[in-house]
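Welcome to this tour! Open your viewer, and get ready to select a few things one after another.

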Amino acid sequence: MVWDVLNVIGTIAFAISGAIIAIEVKYDIIGTYALGLITAFAGGAVRNLLIGIPITVLWQQTELFIIAIITIAIVFLFPEKVVHRLKELNLFDAIGLSSFAVQGAMYAHSVDLPIIAIMFSAAITGAGGGIIRDVLAQQKPLVFQKEVYLLWAMLAGFIIGMGWATESYQFYTLFVLILILRVMSYQFGWCLPTRTSKSLQGN
Amino acid sequence: MVWDVLNVIGTIAFAISGAIIAIEVKYDIIGTYALGLITAFAGGAVRNLLIGIPITVLWQQTELFIIAIITIAIVFLFPEKVVHRLKELNLFDAIGLSSFAVQGAMYAHSVDLPIIAIMFSAAITGAGGGIIRDVLAQQKPLVFQKEVYLLWAMLAGFIIGMGWATESYQFYTLFVLILILRVMSYQFGWCLPTRTSKSLQGN
Amino acid sequence: MVWDVLNVIGTIAFAISGAIIAIEVKYDIIGTYALGLITAFAGGAVRNLLIGIPITVLWQQTELFIIAIITIAIVFLFPEKVVHRLKELNLFDAIGLSSFAVQGAMYAHSVDLPIIAIMFSAAITGAGGGIIRDVLAQQKPLVFQKEVYLLWAMLAGFIIGMGWATESYQFYTLFVLILILRVMSYQFGWCLPTRTSKSLQGN
């Protein structure tokens, strides 16, 4: 159940996030649909591919496809100011990240993978869709830069992999925690160390 | 038979289209070959992956590989003006789109997939190679923007999925129809709605 | 044995190469890790996918993951001048290319694939990680342009595919040969023909 709820939340959030970026880089309505759907479904597809689950289970999620299609239609009809504001907030990307990270970790944990694979599953489920979205919108992937991002997904994987979350309310709490950490990361500009320096910037 | 003919046409057209873009972004002869081959074969490979057909059937298309390799050599020898003119026309991309869309739809229809999957198969077979081509040439994928593109591929999928085309001549007619629609789209600048607006352009 | 040694060398070299480019485009420490690991492991993963070997064998390389993780940590601690200098040299990319090309060719040869597939396996194992690295760093893939690159990988595939190298010392010699050819290619600016010309540059 928790798994399904998080799946729906993540799908809606990433469909919105993909559609907003598509609008921003001036893709048309079909491009907006393509990017919204890819952002929502590619993370799980890549995870399935790398973990060895048939990638075709993708097609058994008819309800999720319908939800995503309706969501993107609504985004397309949002007043301009709303789109602009949503973009600044980065909120939907954060919701997608946290819900999919928790869900991806639960998934890997349920098939008895080792903790490293659970952390990886959390990271790729949470961030894979966004990486492909950014590549297709010709932008540097958000997850590799600026504010703390992948680390929170891996934290979710670590907590679930250690068996510290087993009840529904714990998974939801973890989802909210990861979401808050991610939102605080970009609101307060929390950054991980980078090695960039003046002499390299010219390249 | 129709399937094979469309496959040959699409392979030649996309090999040309990939090679032309590679030349345009100054890739060398090996880069031109790589991009031509990827454009010609990646759409079908991704479709196989997502539909659950072994991706290795790729290697059973020796004739198509030879055809593509010869095609790219010819493009490399084209007089400069011809390359320049071909690029403006976008014609080979359009031929690849329509032939592969019809072929991908026929393929999915022959294995009894539902209509949504047939439309998807038409879209990914027709557009997947071009998307990967554009990403590797560091350009915004053509299919997401400007003139109507993916919609025509999905239209082919819809018509075949509904069972409205079953005879050889109907498939060829559909191929020509999609091609004309795509060419008219960019010649006359037919656009789908976009949501871009002044206040977003600064981002 | 040779296979394992080349695998370790290639993994270290590509982990360094991915990490250096990530630092250069200002990704943070997690982004640096992600890009280093992807560069080191994606080439083999894509090869496995396209050749039909389960992609999940990826997870049986625990030692290589640990080696890559330690390597990237060291890169992150390199003095700035060293990073800058290493980047100019392109040396680690070259080591990764040659070791993985020889290893990929040996791999394909050991499962009795035809020579074309062996050359392809050498090329994708040697260059796949670097292509994905460049796409994720928003750069035009190095392998498609400028100095001779993919050709050397294919040469390794050809020599192994012809059965001209069978002893350990021959494989190591081939590795050194390919490395020298690649390094000389960019030191002396050896280029394959390109078709770019003035009239196209405006596009």
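Predicted model: local features only at pLDDT ≥ 70, side-chain atom pairs only at ≥ 80, totals over all residues.

Residues are numbered from 1 along each chain as its sequence is written, chains are lettered from A and ligands numbered from 1 in the order in which they are written, and side-chain values use heavy atoms, with hydrogens and water left out.

**Stop 1: the cartoon of chain A**

Switch to cartoon view and you will find nine helices and zero strands in chain A. (Helices are DSSP runs of H or I with at least four residues, strands are runs of E with at least two, and both are numbered from the N terminus.) The C-alpha atoms of chain A fill a box of roughly 50 × 45 × 30 Å along the principal axes. Of the 203 residues in chain A, 58% are buried, where buried means under 20% relative accessible area, exposed means over 50%, and partly exposed lies in between (1.4 Å probe, protein chains only).

**Stop 2: one arginine**

Now select A:R133, which lies in helix α6, residues 115-136 of chain A. Is A:R133 buried or exposed? A:R133 is buried, with a relative accessible area of 1%. Show its contacts next (heavy atoms within 4.5 Å). Leaving aside neighbours within four places in sequence, the partners of A:R133 include A:F14, A:D93 and A:L142.

**Stop 3: the copies**

Two copies of a chain are related by a rotation about an axis and a shift along it. Select chains A and C: a rotation of 120° with 0.0 Å of shift along its axis superposes chain A on chain C, with an RMSD of 0.0 Å. That is the relation of a three-fold axis. The superposition is by least squares on the C-alpha atoms of residues with pLDDT of at least 70 in both copies. Finally, look at where the copies meet: only 11% of the interface residues of chain A are also interface residues in chain C, so the copies meet through different surfaces.
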